[in-house]
Amino acid sequence: MKKKYLTFMFAAAALMTAACSDDDDKLTDDDTSQDETVDEGGSEEGTDGVFEEYDDHFVYHGETYQTVTLSDGSKWMAEPLRYLPEGLTPSADPTEESHVWFPYRLLGDADKITADGAEALTDEASIRKNGYLYDAYAAFGNREITEDNCYEFEGAQGICPEGWHIPTRAEFFSLCGLSNKAATGETGNQVNESALFYDEAYGGGKVTAYNEAGWNYVFTGVRMQSNFNATPTYQLTTIWSGNASEETLAAHEGEPALTYILSSTCYQPAYTDKEDPTKLTNIQFFAQMTTFSKTYPDGRVSLAYSSVKSGHQLRCVKDSE
């Protein structure tokens, strides 16, 4: 059965960026809308402004996205979002605060990529494959994230279609089984060995397990801004012979190794002086992150912290029924 929704306006919430380490063995601490339901019929598949949902895909603002239903019953986008929020224009310059950025490719020898070793991909085919990179402001529907409201975006729809939302930390954790700790109530990295794609040898999720289930990992990297005062840049760590298996190399050589996918769960605001609330330097959200190394040559998946200023891949998950 298909569902159609005619969307008149959008607004929800925004978040995320990144600060974390490509250390082989551990994670790091830093680094209004009204939707009217339209009766079935009266519109061709792919009509702009109409959301149509099918068993294995949906059509959103004229773009078709494949979806996958996992063994736990959760339903996810099986490719990155490429929707442009109203009023925003993607930038090919990661230093610009445009809120949305084009995906990028890495240049030069994989183990010798320098600060200017990335190039934005603005062609239609690249955008269709990789989607855009969004900061939290864009992802949550052109809404400012502050230290006062950052915890209010948990499970928000954001720029996802009606009936879908930006995944929470808990939803990502149920897949990968490895996460940096929450700001309160937890000590050290959190592990869930029962997570769908948890691999004991990797101590977290494994990219190949995601792909075998049809999740279709796409390595888009991240537009990294570690805090409000840092100079943003495309993350330049790449998949190459020094950190990847032959199978991974055959499919993904030269692609970004550190890919972040935004969650809707805030970790915490950060201050240079915790006693002085005017010294706010960052607001971090959880993001699902990939790491490639000699220890994890097929890609480990975990939850790390990312700044709301960073540009992330975005995928949506269907609301529970």
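**Nonpolar cores and aromatic contacts in a predicted model**

Q: Which ring does Arg-169 lie over, and at what distance from the ring centre?
A: In this predicted model, the contact is one between a charge and an aromatic face, and a charge counts as sitting over a ring if CZ of Arg is within 6 Å of the ring centre and within 35 degrees of the ring normal. Arg-169 lies over the face of Phe-286, and the distance from the ring centre is 4.5 Å.

Q: Which element supplies the largest share of the largest nonpolar core?
A: The largest nonpolar core has 41 residues, and those with the most contacts inside it include Leu-81, Tyr-134 and Phe-285. Several elements each supply at least two residues of this core, among them β4 (57-60), β10 (133-134), β18 (260-271) and β19 (280-291). The largest share, 4 residues, comes from α2.

Q: How many residues does the second, separate core have?
A: This core includes Tyr-210, Ile-239, Leu-303 and Val-317. Tyr-210 is buried, with a relative accessible area of 0%. The size of this second core is 26 residues.

Q: Is the aromatic pair of Tyr-210 and Trp-215 stacked or edge-to-face?
A: Trp-215 is buried, with a relative accessible area of 0%. The centres of the Tyr-210 and Trp-215 rings lie 5.2 Å apart, with 75 degrees between the planes. Planes over 60 degrees apart meet the criterion for one class of pair, and therefore Tyr-210 and Trp-215 are edge-to-face.

Q: How many residues apart are Phe-219 and Phe-292?
A: Phe-219 is buried at 4% relative accessibility, and Phe-292 is buried with a relative accessible area of 6%. Their ring centres are 5.4 Å apart and their planes stand at 80 degrees, so the pair is edge-to-face. Phe-219 is in the loop between α4 (207-212) and β16 (223-224), while Phe-292 is in the loop between β19 and β20 (300-307), so that the pair links distant parts of the chain, at a separation of 73 residues.

Technical notes:
Residues numbered from 1 in each chain as written. Predicted model: local features only at pLDDT ≥ 70, side-chain atom pairs only at ≥ 80, totals over all residues. Heavy atoms only, no water. Core = buried A, V, L, I, M, F, W, Y, C linked by side-chain atoms within 4.5 Å. Buried < 20%, exposed > 50% of the residue type's maximum accessible area, 1.4 Å probe, protein only. Phe/Tyr/Trp six-rings, centres within 6.5 Å; stacked < 30°, edge-to-face > 60°.
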